[in-house]
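Hi everyone, thanks for coming. Have a look at the chain on the screen, and I'll walk you through a few spots.

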Amino acid sequence: MTWHYQARRAVIAIFRTFRFSEREPVIGPQTSRAGAGVALILAVMVWPAAERPEAAAELQARTVDAFNRYVRLTEARLLSDSAFLWIDGLPDPGKREALDTVRRKALTIQRMTTTEQGRAVDVPGGMVHHWIGTAFVASATVDEALALLQDYDAHQRIYAPTVARSALRSHEGDRFTFFLRFVMKKVITVVVNSEHEARFSRPARDRAQGWIHSTRIAEVEEAGAPAEREKPIGNDGGYLWRLNTYWRLLARDGGVYIQCESVSLTRGIPTGFGWLVGPFVTSIPRETLTFTLETTRQHLEGTKR
């Protein structure tokens, strides 16, 4: 299903939401006709836009260079961190509140920003999305958490429906290469095929960490249909161009703390397409991290029962 067709479906959904009938008002009898008028305006704006080629995005060399610089700065910070867990580096009382939150089986999720000499890193033609989150699983071990993260053949089952397909490509020591098909839904559905390389290490008996870099990401058209095909890499909707994740596992307090830091690259929000692109490039990165951590925590808890 192409995004042009899905855009039309979104417009139809708007019309169905704002009914003309006075008998079934959405908000009240005075707003149903007004709502329908809003839907008509949206339709006029959106329908022609769905046919314009400007919706496509091109990944430029300068965008890749800027993202790579952002990643180098981020990884330099990770190597120099004095605290293994991000929340341990927080000043009190924020540290106590964050630890209390994760021990209550909740998550801490925080937006991050890497700067260069105190200045933001400019990424022309793209947007960087940087988030960090932490979960805690009582009675679980670092070995159990590692086994789950490295079971790439099972990710399509564990992390469904976000991960529709998964496969381990190679494994040598602490290095893994693997395939994931992501399905992202927000106004429209976007499917991407992705290849990744992961490298894990055990700095001490009570901890482990893994750095995972995407090596190939291609958006899929007509996913699941006979006409399924990949769009040219870097010349697509721009919903996901790069994805790096940095995992840290720490055994403490009768369980294991699980921290994941994600750094992804998407297109910017083009003028006139905020309704379509905006939800992906603003909310999807955070929601995906939340889902991944919550699912990891729940799965590990399930193995302890």
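**A hairpin, a helix and a glycine**

Okay, let's start with strands S6 (residues 163-172) and S7 (residues 175-186): they run antiparallel and are joined by 8 bridges. Strands here are DSSP runs of E with at least two residues, helices are runs of H or I with at least four, and both are numbered from the N terminus. Two strands pair if DSSP finds at least two bridges between them. Arg165, for example, has Arg181 in S7 as its bridge partner. The hairpin has 2 residues between the strands, and Gly173 takes a positive phi near 65 degrees there.

Before I go on, a word on the source: this is a predicted model, where local features need pLDDT of at least 70 and side-chain atom pairs count only at pLDDT 80 or more, while totals for chains, interfaces and linings use all residues. Residues are numbered from 1 along each chain as its sequence is written, and side-chain values use heavy atoms, with hydrogens and water left out.

Next, helix H3. Which residues in H3 are buried? Among them are Phe67, Tyr70, Val71 and Leu78. Buried means under 20% relative accessible area, exposed over 50%, and partly exposed in between, with a 1.4 Å probe and protein chains only. Their cover includes strands S5, S9, S12 and S13.

S13 also holds Gly255. Why is Gly255 counted as buried? Because its relative accessibility is 6%. Gly255 touches Val137 and Leu250, among others, where contact means heavy atoms within 4.5 Å. Gly255 and Val137 are 118 residues apart along the chain, yet their C-alpha atoms are separated by 5.5 Å.

Technical notes. Lists of a residue's contacts leave out its neighbours within four places in sequence.
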